[in-house]
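Welcome! Here is a protein chain to explore together, with a few stops along the way.

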Amino acid sequence: MDRDGESTPRVVRSFVEAVPTPTVACDPETHAIRATNTPATALLGQDRGTLTLMGLSDLGEADETTDGEPVSAAVADAVDREGVTEFEWEIGGERGRRRLSLSLHTTTIADERWLIVGLTDVTDRVVAEADLRSQLRIVDAIASTVPTALFQCSADGTLSRWNARLADDADRGGEELSGTDLTALFDDETRGAVAEALRRVYRENEPADCEATLLTRAGERVPYRLALGPIVDGGEVVGAVGVGEDRTEASIREERLAALTRVLRHNFRNDLNVVIGFTERALESTDDPTRATELQRVVDTAERLLRVGETSRSVERLLADRPAPGPIDLADAVDEALLSLSPDLRRSADIEVDVPDGITVSAIGYLAEAIEELVDNAIRHNDAERPQVEITAAKLPSESWASLVVTDDGPGMPAAERAVLTGEETPLEHASGLGLWYVNWIVGTGGGGFDISESKTGGTRVEMELQTPNGG
């Protein structure tokens with residue numbers, strides 16, 4: 001049949017006009033456009049009269065669909081088959097080059113067959129996909145050059161993307177890694193740590209890290225460090241990204257340094273004890289006041305170096321543990337600190353404590369050691385006949401912080417000691433301030449603050465500002 005616009009039944013034109021999306025009706029034999037609605041004229045940039053003088057194939061710039069099939073063949077297939085035929089097509093015109101998605105099917109209207117064609121502009125989607133592919137190429141290029149393993153997990157914790165470094169570390173090919181549960185890459189002893197890190201990412205929407213042992217395909221055990229973070233879409237965690245690092249060389253280096261440190265510390269301590277022992281014997285046998293003063297200075301210096309060695313061991317332990325903050329009762333921490341204090345030092349001073357019950361702070365488990373260090377310093381470096389030390393605590397007005405203050409009546413802290421908090425100390429002054437560094441690290445790791453000033457008596461006032469869990 002050969003229809004023109006004038007002979008197109010009114011019911012067909014009404015049918016097409018009633019469709020809310022861009023739609024045209026075509027003669028199924030000639031593919032000529034015979035009816036069009038307003039959304040279609042707006043999409044195609046042509047008036048109704050012009051469109052009804054065109055064939056469907058006249059709309060596009062190309063003779064083929066984006067899949068490489070001739071457009072005429074795709075349209076003919078839609079006429080001959082039941083159901084819907086879909087393809088995408090590049091078109092031009094006054095609005096510029098765009099891509100349309102065509103949905104074609106035949107139907108009977110007013111006792112005649114018609115080819116109904118729905119039109120959708122998918123240009124924005126195509127541009128977005130092209131941009132995404134470009135971004136993915138950049139990401140892949142970066143991932144292929146970084147010296148660490150990068151990977152992505154889907155919502156169920158299985159690997160969906162990774163770089164070559166992860167495949168090399170695990171000694172597995174792409175097919176083996178695809179869809180593999182991340183935890184399955186690690187040994188039985190440390191698999192739980194990986195699972196717990198993933199749980200924090202997926203359920204709590206928080207970054208997490210852990211140490212684990214990677215098992216290669218050959219059965220080699222590789223010390224590994226993982227850092228994971230959530231992928232969030234619409235407020236929901238839909239996956240995870242991660243960084244993995246082979247810690248083999250670092251572990252060997254750390255083991256060697258630890259062994260070296262133990263040997264040096266052992267020799268350091270033993271040799272200083274020898275120095276102290278012989279010096280004290282010489283001190284007991286001399287009647288010369290000047291010589292006695294000099295010898296006592298040797299003893300004091302050796303004892304101070306011993307304390308530096310002990311503090312360095314505490315710092316090493318803190319750095320190795322990487323503890324996480326948790327709730328700590330401040331009064332209990334002060335009691336623990338005073339019980340750990342040297343009995344002789346404790347008896348040589350008057351220590352007043354005013355720490356109310358019920359103050360809970362967020363800090364790491366080393367908090368009592370930090371308090372002990374401050375009280376030890378307040379007594380040991382005090383030139384009063386009987387040092388006076390005061391420990392007080394209170395909740396701050398902000399209700400999310402608490403304060404712990406240690407004051408003394410000593411000579412005050414030298415500027416070189418305070419400088420460790422500002423980074424202004426010189427290399428020769430590092431050892432004398434190591435204890436303060438230790439306290440500062442403990443407080444800072446828990447998210448708190450640390451300040452040194454002069455007390456009302458002219459001595460030293462040290463204040464820790466500590467966060468309280470949940471603002472209470």
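Which side chain does Arg221 meet in a salt bridge? The partner is Glu189, at 3.8 Å from N to O. A salt bridge here is a side-chain nitrogen of Lys or Arg within 4 Å of a carboxyl oxygen of Asp or Glu. Arg221 sits in strand 9 and Glu189 in helix 8, so this pair ties together parts that are 32 residues apart in sequence. Helices (H or I, at least four residues) and strands (E, at least two) are DSSP runs, numbered from the N terminus.

Before going on, please note that this is a predicted model: local features need pLDDT of at least 70, side-chain atom pairs count only at pLDDT 80 or more, and totals for chains, interfaces and linings use all residues. Residues are numbered from 1 along each chain as its sequence is written, and side-chain values use heavy atoms, with hydrogens and water left out. The pLDDT is the predictor's confidence in each residue, from 0 to 100; its mean over the chain is 85.

**Charged pairs**

The whole structure holds 23 salt bridges.

| Pair | N to O distance |
|---|---|
| Arg221 and Glu189 | 3.8 Å |
| Arg98 and Asp121 | 3.8 Å |
| Glu206 and Arg200 | 3.2 Å |

How well covered are these residues? Buried means under 20% relative accessible area, exposed over 50%, and partly exposed in between (1.4 Å probe, protein chains only). Arg98 is buried at 6%, while Asp121 is partly exposed at 31%. Glu189 is exposed, at 63%, and Arg221 is partly exposed, at 48%.

**A sheet and its helix**

Five strands make an open, antiparallel sheet in the order 7-6-10-9-8. Two strands pair if DSSP finds at least two bridges between them. Strand 7 (159–162) and strand 8 (208–215) are the edges, each pairing on one side only. Between strands 6 and 7 there are three bridges, and Phe151 has Trp162 as its bridge partner.

**The nonpolar core**

A nonpolar core is a set of buried Ala, Val, Leu, Ile, Met, Phe, Trp, Tyr and Cys residues joined through side-chain atoms within 4.5 Å. The largest one has 41 residues, of which Leu367 and Met464 touch the most other members. Helix 13 (367–380) is among the contributing elements, and it gives the most, with seven residues. A separate second core of 26 residues includes Phe186 and Tyr224.
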